[in-house]
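Thanks for coming. I will go through one structure this morning, and I will keep to what the coordinates show.

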Amino acid sequence: MRIVPASEFSLNREMEYGTPEQNEAVQRILAEVRAGGDEALRRLTQQFDGVSVGELRVSDEEIRTAYDQVDGAFVEALRQAATNIRAFHEKQKRQSWMDLSPDGTITGQVIRPLRRVGLYVPGGKAAYPSSVLMNAIPAQVAGVPEIVMVTPPATAGVAGIDPHILVAAAEAGVRDIYRVGGAQAVAALAYGTASIRAVDKIVGPGNIYVALAKRYVFGAVDIDSIAGPSEIAVLADDSADAAYVAADLLSQAEHDEMASAILVTPSPQLAERVREEVARQLESLPKRAIAAASIRDYGAILTVADLEEGVQVINRLAPEHLELLVAEPFGWLGKIENAGAIFLGPYSSEPVGDYFAGPNHVLPTNGTARFSSPLNVDDFIKKSSVISYSKEALMKNGRQIMTLARHEGLEAHARAIQIRLEKEGDSVG
C-alpha cells in the first residue's frame with residue numbers, strides 16, 4: 001500500500017457512466033420492455049440470466065420455503081438488525097404543519113408518503129440481505145403503502161433466488177417480489193407491464209446496466225442515486241491500533257476492484273505499521289484478489305502535518321464511510337463537513353454500520369457526500385405547500401403582487417389579482 005504526502009495525492013476517479021456499447025444496450029432493453037412487457041422480460045431473462053421464467057411473481061409458498069433454507073441464527077440476527085434500523089429511522093419522521101397569520105392567512109406543508117416504490121436487489125455474486133432491510137424499512141416508516149421488489153433469478157436457490165434475500169424481504173414486510181433483474185427490471189418498474197405495475201420511485205444498488213437504466217428512466221420515475229464503488233477513509237493518530245485500521249480498510253476493499261480505501265494520518269510510524277498490517281491480513285483474505293486490486297489501484301496512506309490538515313483532506317475526499325480513530329473523536333466531529341457516515345472510536349468499525357447499528361448503509365459515493373445524504377425517510381415522502389390567503393391579506397398585498405407580475409411581463413398574472421381587488425371595491429389602475 002503506497003504512502004504519499006496528501007498534497008501529492010489525487011484519486012482521479014470520475015463517475016462511471018458506462019461505455020457507448022453499454023449505453024446503447026440499456027436503451028435497447030428499455031425500449032423492448034416498454035413495447036413488449038412481460039414477454040420481453042421473459043425473453044431478456046433467458047438471454048442474460050440463462051433462466052427460463054414462467055410466473056414472474058414469487059409465491060407466498062416459495063417465501064415460506066425459503067425459511068427452511070436458512071439457519072435460525074441468521075434469522076435472529078436479521079430481526080435484531082431490522083429492529084435497530086426501524087428505531088433509527090422512526091426518529092426521522094416529519095409532520096405536516098400549518099401556520100396561521102394574524103390577517104387570517106394560512107400557509108403550511110402537507111407531507112405524504114409516495115404511493116408505490118420499487119426496490120432493486122442484486123442477485124448472484126452480490127446478494128446482500130442487509131440492503132433489503134436498509135431500502136425497505138425507511139419506506140415503510142415513511143408510510144409507503146406499496147413496496148415491490150425485483151431481483152434476478154439464478155440457477156440455484158428458492159425460485160431461482162437466494163433464500164436469504166427472500167427471508168430478508170419477508171422480515172421487512174415485502175411480499176410483492178418478482179424474479180427479474182438487470183436493466184429490464186428497472187424498465188418494468190418505471191413503465192409497468194401486465195404483471196408489474198409502474199412505481200413512483202426506484203431504489204437499490206446494481207451493476208453498471210442497472211445504474212444506467214436508472215439514469216435513463218429518471219424523470220418518468222424518481223431514483224435514489226447512481227451509486228459508485230464503495231469507499232472508506234480513516235483519519236487516525238498514534239492512538240489508533242494498526243490492525244484495526246488495516247482490517248477496516250480491507251472491509252471495503254473486498255467489495256470491488258474499484259473500491260477505495262484511504263488512511264489519512266500525521267503519524268509516519270502508524271502509516272508504516274498499517275502498510276505492513278494490510279499486506280499481512282491480505283494473505284488470508286478469501287477475496288484476496290479483489291481486495292489486492294482495490295488497494296493497489298485505489299488505496300493509499302496519506303501523510304499530513306497534523307489532524308487539522310487531515311480534516312481538510314477528508315473534507316476534500318468527501319468519503320462514503322469515514323472512521324475517526326483518534327484520541328478524542330468527538331472533539332473532531334464538528335469539523336467534518338463532508339462524509340456519508342461517520343464512525344467514532346475504535347469499536348465503531350464500518351461493518352457495524354453496514355449491518356446492525358441502525359443508520360442507513362445506502363450512502364453517497366464518488367464525492368457526492370458534498371451535497372448528498374444517506375438514504376432516509378425523506379426519500380420516500382413528498383411535500384405539498386398549502387396556501388389559504390385571506391381577503392384582508394389580498395387587499396393589503398395585491399398591488400405588490402401585480403407589480404412583480406408585470407415586471408416579469410406576465411399581465412394575465414397581474415389581472416388575476418386585479419379582478420379580485422376591483423370586485424372587492426379597490427380601484428386599481
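Predicted model: local features only at pLDDT ≥ 70, side-chain atom pairs only at ≥ 80, totals over all residues.

Ile-342 has a relative accessibility of 33%, so it counts as partly exposed. Together with Phe-330 and Leu-333, Ile-342 makes up a nonpolar patch on the surface. The accessible area of those three residues together is about 280 Å².

As background, nonpolar side chains in soluble globular proteins tend to be buried together. So let us turn to the interior.

The largest nonpolar core here contains 42 residues. Val-132, Leu-133, Met-149, Ile-177 and Phe-380 are the ones with the most contacts inside it. Several elements supply at least two residues each: helices H2 (60-67), H3 (72-90), H4 (129-142) and H5 (163-171), along with strands S4 and S5. Of the contributors, H4 gives the most, with eight residues.

Leaving aside residues up to four places away in sequence, Ile-177 touches Leu-56, Arg-57, Val-58, Ile-63, Met-149, Leu-166 and Ala-169. Apart from this core there is another one, of 30 residues, and its members include Val-33, Leu-41, Ala-185 and Ile-196.

Next, the sheet. What is the order of its five strands? The order is S6-S5-S4-S7-S8; the sheet is open and the pairing is parallel. At the edges are S6 (176-179) and S8 (222-223), each of which pairs on one side only. The parallel pairing between S5 and S6 runs over four bridges. Within S6, Arg-179 is the residue that stands opposite Thr-151.

Now helix H6, residues 182-191. Why can we call H6 largely enclosed by the rest of the structure? Because nine of its ten residues are buried. The buried ones are Gly-182, Ala-183, Gln-184, Ala-185, Val-186, Ala-187, Ala-188, Leu-189 and Ala-190. As for what covers them, the list includes two helices, H1 (20-49) and H7 (208-217). It also includes three strands: S4 (116-120), S5 (146-151) and S7 (201-203). After H6 comes Gly-192, with a positive phi near 85°.

Ala-318 is located in the loop between H11 and strand S12 (321-325). Is Ala-318 buried or exposed? Its relative accessibility is 0%, so Ala-318 counts as buried.

Asn-366 also has a positive phi, near 55°, and is not a glycine. Its loop is the one between helix H13 (350-355) and strand S14 (381-388). Asn-366 has a relative accessible area of 19% and is buried; the cut-off for buried is under 20%.

Last, helix H11 itself, residues 307-317, where we find Asn-315. Asn-315 counts as buried because its relative accessibility is 12%. Which residues does Asn-315 touch, not counting those up to four places away in sequence? They are Lys-335, Ile-336, Glu-337 and Asn-338.

That is what I have. Questions are welcome.

Note on methods
Residues numbered from 1 in each chain as written. Heavy atoms only, no water. Patch = residues over 30% accessible without salt bridge, like charges linked within 9 Å, V, L, I, M, F, W, Y side chains within 5 Å. Areas by Shrake-Rupley, 256 points an atom, 1.4 Å probe, with all protein chains shown as cover. Salt bridge = Lys/Arg side-chain N within 4 Å of Asp/Glu carboxyl O. Buried < 20%, exposed > 50% of the residue type's maximum accessible area, 1.4 Å probe, protein only. Contact = heavy atoms within 4.5 Å. Core = buried A, V, L, I, M, F, W, Y, C linked by side-chain atoms within 4.5 Å. Pairing = 2+ DSSP bridges.
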